[in-house]
Every structure is written in structure tokens, then in C-alpha cells.
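Hello,

Here is the structure I promised to pass on. Please open it next to this message, and you can follow along as you read.

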Amino acid sequence: MGVQFFSRSVGLLVAAAACSAATVLWVAVASDDPTAANAVDEGVLFGVWTYLYALDLPSPRVLLAAVALAIFFAAGIALIERRVTNKSRRSSDYLATPLAPKIVMEATRGVFAGPVAITVLIPAYNEEASLSATLSSLLSQSHRPERVIVVADNCTDGTAAVARSHGVEVFESVGNTKKKAGALNQVLARILPDQGDNDIVMIVDADTTLDAGFLAAGVARFTSDRALMAIGGLFYGEPGAGLLGQMQRNEYVRYSTQIKRRRGMVFVLTGTASMFRSRALRAVASSRGDTIPGNHGDVYDTLALTEDNELTIALKSLGALIISPSECTVVTEVMPTLRSLWVQRLRWQRGALENIGAYGLTPSTLRYWAQQLGIGYSVIALTAFLCLIVITFLSVNHWVWFPFWLSIGTVFTIERVASVWKAGWAARVLAAAVIPELLFDMYLHAVYIKGIIDITRGEQGSWGHVQQRSTVRSIETG
């Protein structure tokens, strides 16, 4: 009962923490002694446009409070995360952290478990429209997988036929009611017992195409580092879907850039394409119901809405070393409509909150709690900023420009453009326009708020389906 109450309260806890942080900054601003405003001056641009400007600056006290809060949060989380990571790598507690690098290295010292062999599993629910492209990208890899299995889950179309036409195996789920996670658990229960410790299981979504060198880069990493337990792909959005699609592509490019700056230290092993040592998946299955949530013997927790995020937390909780190398990239679908985007992102948000609620506040989940807190603070900050802009616009007779805030906005815009520069001119122009992406962020903030409300009210989460590419597609592939 206590665990269920905590899980339902996790959204409120995050919201309360974000509001508290925002209140601290507000108190610092409100308690500042007001100073006389500088006179408003008039300027002329190109001898045509007359404008008003003022040289007012925030007080040093307010600036110091804002900067100190940002540094305290960012530096504090980074230092704690580094300490947690180092402690996990040195752990000798086999029961709590059986996948810790120190334990794995000691167990495999002087033991040759054979060459790295890859078995690819492709979970598919009515995916005949996109499966062919996925299989073609796999079978044309510079390092071809030893085995490819399409996991046809309750399919009513030609998914299985498309798979067989490419010469790969087909596993059809039996009586599965647990979506993608349930289908994968069925096939993993069959293949994992026969896998060697050096064998790799790769999960690839049926709407994903891999870079030609993905598998070769992954095998090289696993071969050179015995302690490495999992590799995730850096994902980019497919072309199309107009302005909405470009916004998602910009979002994915920024995320990939962030992971590269962290030298591959990944937040989530993406469900689009990730590789796992069989040893790691067996450790997860045997730990379920004991040290991590889930049913004993299952690799995936079928209660989790976001199985990729949950599996990442499970592996980290067991001490596993995981990365997303820059050489391992994939292209995945983007949502074509606001409705389909809403369903996809609400599932992601609900899943993230439910996952940290299930695991609680632990060293391994600290980063995820901080991430949710950061989103909550962003919701408050952006909403307040836009409301103040609207109120100001409606209250004044003449618009007054403030050079200080213009310079801050310019730096913000430059960063937004630079972060998507490699994605091409369409991405750069969209980022430079600023307003469309701010509206996109507001839309995602609405999803965040809806997720908190739903989880607090105890509403049942769902995967959802959208009509796309002439077939019914499950949004769970995100």
C-alpha cells in the first residue's frame, strides 16, 4: 500500500520540489530593494524606425541569486552523479550489483567466452509497411548479425510474410496481452539460456534503420571492454511530417549532441536500437522481484509504460556500465500529427514518473529525479516568462527595448542554432525563429502536466495507436 501511495505521489513530489526552487528565486527577486528606473531614451534605426529603449539592469543581488541557483543545481547533480558512478564501478557486492565492472572483470579474467555473436530481435505489431527497410539496413551491415528474429506480436497483417521473404526467423507470440515487453519476454525466455556470456542480444524497433557501421562499432566496443554491459543508439528523426517533424528532429539532434558531450554516458538505452550482453539480461531477469521491481524471470517489467527507460534503470541499479557511442546511430520515425505526438509523449512522461516511483530515490535514480525536477522548473519558468511578455504587451502604450535582455535573448538564440547546426539549413532556420520551438516546448510542458495529473489520480496508462503509413501502428515503438 505504501509503495502504491508513493508511486501515485511521485508527480506531486516533483512538482512541489520544482515550485520550491522557483519560489526561492522569486523571494530573492521580490525582497530586492527597488531602484529608480533609468530614463527611457529614443533611437532611430536606419533613419526610418523610431524605437524606445532603457538601460535598466537587474540588481547584482538578483543576478547572483539566479546564477548561484543554476550552478548549485547543475554542479551538485554532476558531482553526485560522478561519485555514484565511481562507487558503482568499484562495488564488490555481488548480490546488490552483480554487473558492477569490478565484479565482471574479476569473474572474466583469463576466461575466453568466444567471439561476440549478435542475435537481433525485432518486436513488430502490424509493421509490414516499415519492416522491409529495417531488415534491409540490418542485413547490409558491415558486420552482419548471426541471427535475426522478427517477433510478430498478435499481427493481423503481412508482417510475418515480409520477414520470411527476407530469409529471417519469425517468432509469433502466444497469448500475449503485455504489449512489446510481454512479446520480448516470451522470446528471451527461449533464447537466453543458450546464449554465452559474450553473446549479444540486440533489440531493434521495426520502424528503425541503422547506420551501416552500427553493429561493427558495437562489436568493437564489446570486444575491447569486458565490463561493458549495454550499448544504446543515438537516434535521429526521419524526414517528413512538415514543421512538426522538423521540431522533433531538432529535439533529437540536441539530445544526441548532449550525449556526445557526456562521452556516451547515456540517460536512456533507447528502445529504437540497443545491444545487451546476455549476461546482463540474465542478471536482470534473476533480480526481478528481489532487488529490482518486476516478476522474477522476466527481462522486461510488463507494468512499465516505457520499457526502455525501465530497463536502463534496472541495469544501472545492478551496477552495469552502459554507453551510447557516437558511431552507433539510427533513424527512427517522427510523429506526423499533434495528436499522435501527444499520445507518444504522454506515454514517455507517464512511464518516466512511474519508473522513478517504482524504484524510489536511490543513487541510481538520482539523475532521473533531477531530470524531472528540471522539466518542472522549466514549465514554471517558461510559462511565467510568456505570461509576463503578454501582460507587458497589453499594459504599455509604447514598447520599450532593454539591451540587457536583448543580449540574453541573443545568446539563447545562438545556442539554439548552434546545437542543431549539423542538421542543415531547415533546422537552423527553425531554431533561429525561436517562437515555433518555444510553442513546441509549451506543448510538451502541457504533456508533462497531464502526466502528473494522471499519475496522481491513479489513471491507467495506455500505449495508444495511431493510423500511419496505411497501417495501424503502435506508438509504443517510440
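**What turned up in the sheet**

Pro123 has Val151 in S4 as its bridge partner. The two strands involved, S3 (residues 118-124) and S4 (residues 147-152), run parallel and are joined by six bridges. Strands here are DSSP runs of E with at least two residues, helices are runs of H or I with at least four, and both are numbered from the N terminus. Two strands count as paired if DSSP finds at least two bridges between them. Five of the six residues of S4 are buried, where buried means under 20% relative accessible area, exposed over 50% and partly exposed in between, with a 1.4 Å probe and protein chains only.

A word on the source: this is a predicted model, in which local features need pLDDT of at least 70 and side-chain atom pairs count only at pLDDT 80 or more, while totals for chains, interfaces and linings use all residues. Residues are numbered from 1 along each chain as its sequence is written, and side-chain values use heavy atoms, with hydrogens and water left out.

The open sheet has seven strands in the order S5-S4-S3-S6-S10-S8-S11, with mixed pairing. Its edges are S5 (169-172) and S11 (321-323), each of which pairs on one side only. Further along, S6 (residues 200-204) and S10 (residues 273-277) are antiparallel over five bridges, and Met202 has Met275 in S10 as its bridge partner. Helix H9 (residues 278-287) packs on the sheet and touches S6, S8 (228-232) and S10; contact means heavy atoms within 4.5 Å.

Most residues other than glycine have a negative phi. Lys179, in helix H6 (residues 179-191), has a positive phi of about 60°. Lys179 counts as partly exposed because its relative accessibility is 29%. Val434 has a phi near 65° and sits in the loop between H14 (425-433) and H15 (435-457). Val434 counts as buried because its relative accessible area is 16%.

**A lined space**

Which residues line the second largest cavity? Among them are Lys180, Ile203, Ser274, Phe276, Tyr300, Glu307, Asp308 and Leu311. A cavity is a set of points on a 1 Å grid over the protein atoms alone where a 1.4 Å probe fits but cannot get out, and lining residues have an atom within 4 Å of a point. Helix H10 (307-317) and S10 each supply at least two lining residues, and H10 gives the most, with three.

Best wishes

Key. Axes are lines fitted to C-alpha atoms, for helices over the stretch in contact, and angles run from 0 to 180 degrees between N-to-C directions. On a 1 Å grid over the protein atoms alone, a cavity is a set of points where a 1.4 Å probe fits but cannot get out, and a pocket is an open set with protein on both sides within 12 Å along at least five of seven lines; lining residues have an atom within 4 Å of a point.
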